[in-house]
Amino acid sequence: SETFSIYFDRRMVRILLLGIISGFPWVLIGSSLSLWLKEDGLSRSTIGWAGLIFGVYAINFLWAPLIDRIRIPWLTNKIGHRRGWIVTMQFIILVSLVFWSTIDPTANLWAVIVVGLIIAIASATQDITVDALRIEQIGENEGMSMQAGAAMAVVGWWTGYKLGGVVALNAAQYFQNAGIENYWQTTFLVLGIIIIACNIGLMFVHEPQPTERQMAQRQTDQMIEEKLGSSGVITKIIAWISGTIGGPIISFFKRNGLAIALGILGFVFLFKIGEAFLGRMSIVFYKEMGFSKGDIALYSKGIGWITTVVFTLLGGVFAIRSGVVKAMFVSGILMAATNLLFAALAWSGKSELLFAVAVLLDDIAAAFATVAFVAFISLLVDRTYTATQYALLASIGTLGRTTLAASSGWMVDTLESGGALNLKYKFINLGSIPIPSVENPWAVFFVITTVMVIPSLICLWFIKDKLNLSEK
C-alpha cells in the first residue's frame, strides 16, 4: 500500500493526461484505418503494408534534437516550449481528420495513405515533446516516482487508445446502422472533437522552466566552439548544429559505455516485435473470425481498457518492488504465452469466451511489458537531452515493430497460399526459403509471433548485470 500511494501524487494526473494525448492518434492510423480499409474491400496485404506509415515513429529521433531546441513562434511565449509543440501537432491532426472525412479509400487509396502519413508524422513529433514533458514532471533522483510515472503514462496511452477505439468503433457502427454510406468519414469528424478536448486538458499540465536544460546545452555549444578554435557566426552555427545532433548521442554512449549501449539498443529493437505482428493483424483476424465491431469494441477496447489500467498500475508496483529488469523478463514471457491463446482461438473457431480470455490476458501481458519498457528507457535518459534521448530509444523500439510488422499481412497470405521468401540482395543471392501452405494460417502466424519474443530476452540476459539504473 505504501508503494501504491505514489500514484496519488498530483503529478501523476498530469502524466495520465499526457499519455491520453499520445495514445489517441494510434486509434486513427491503427484500428480505425485498418477496419476502414478492410470494410472497403482492400486485401490483408494492402492493409499490412499501409501500416508502414507507423515507420515514422521509428525515425522521429532524427528531428527530436530540433524539437529540444527550436521554439514555436508566439505559442512558446504564451504556453511554453513543450506545450507549444504539442498544440501545433494536435492542430495538424485535426485538419487531417477533416480531409479524411472527404476521401473515398477505394478510389483514392494514395490520398488516404498520404493523410495517414501526415497524422503519423504529427503524432510522432508530438510524442517527442509529450515524453519529454512527462519525464520532466519528475525530479531527476526520484526513481520510484519515475517508474510510477511510467505506469501512469502507459495507463494514459491505453486510455487514449482503448477508449478512443470504443468511441470510433461504436460511432462507426451507429452511423452504419443509421444508413449513412460514408460512415467512417463521418466518424472521423466525431473523433476530431476528442482532439479539441485534449488540447483544453493540456492547459492544466504544468511545464517546468527550462533554464537548467538551456544552460547545459549552451555549455555544450561553447565547448564545441572552443574546440573549433574560433568564435565567428559560422562557428556558432556549426557548434549549435553539432551540439544539437551529436550531444545526445555522445552523452548516451559516454554514460553507458560502448558495449552496454549497443546491448541496450539491441534489446530495445527486439523486445516487442512479436506483439507488433499480432497487433497489426489482430483486428483483421477478429473480423475474419466473424466478430462484429460491437464485439471488438466491448472486449478489445472497453473491458480491455479496464484490464489494462488495473494491471498497468500493478505492473508499475511490481517494477518498483522487483526492478525493471526482472519486470521485463516476466512480461516478455507473458507476452509469448498469451500469443498462443490467439492460436488456440484460430484453431477452435469463433468462440466469444475464448476471444474474451485471449484479449484480456494479452492486455495484461502488454500492460506489464509496456510499463517496464517505458520505465527502463526513462531511467536511462540524460535530462540535458530528455526529448532526444528518449525519442532515440523509443524510435529504435518502434523501428523493429513497424518495419518488420509491416509484413504481417503478407505472412498470413503466404502461409495460406504457400510461396517463398526470396533472400536476394544487391551483391549476393542466398536463394529462397519455400513456405508451404498450411491448413490454418492464422494459428501458425500466432505461434511464430510467440517465438519472436525470445531473442530480446537473450539480449537482456547478457547486459542485465551491467546496467546502471537509479531505481530508488
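Predicted model: local features only at pLDDT ≥ 70, side-chain atom pairs only at ≥ 80, totals over all residues.
**Around helix α19**

The cover over the buried residues of helix α19 includes α2 (44-50), α13 (273-289), α15 (324-348) and α18 (408-417). Here, buried means under 20% relative accessible area, with a 1.4 Å probe and protein chains only, and helices are DSSP runs of H or I with at least four residues, numbered from the N terminus. Residues are numbered from 1 along each chain as its sequence is written, and side-chain values use heavy atoms, leaving out hydrogens and water.

So which residues of α19 (residues 441-451) are buried? They are Pro441, Trp442, Ala443, Phe445, Phe446, Thr449 and Thr450. Take Trp442: leaving aside residues up to four places away in sequence, Trp442 touches Arg44, Met281, Val284, Phe285, Glu288, Ala346 and Val412, a contact being heavy atoms within 4.5 Å.

Trp442 and Phe445 also turn up among the residues with the most contacts inside the largest nonpolar core, which has 148 residues. Such a core is a set of buried Ala, Val, Leu, Ile, Met, Phe, Trp, Tyr and Cys residues joined through side-chain atoms within 4.5 Å.

Now step back. The protein chain has 20 helices and 2 strands (strands are DSSP runs of E, at least two residues), and 59% of its 472 residues are buried.

How far can you trust the picture? Mean pLDDT is 79 for the protein chain. Confidence is highest in helix α6 (residues 81-100), at 90, and lowest in strand β1 (residues 419-424), at a mean of 50.

Technical notes. Buried < 20%, exposed > 50% of the residue type's maximum accessible area, 1.4 Å probe, protein only. pLDDT = per-residue confidence, 0-100.
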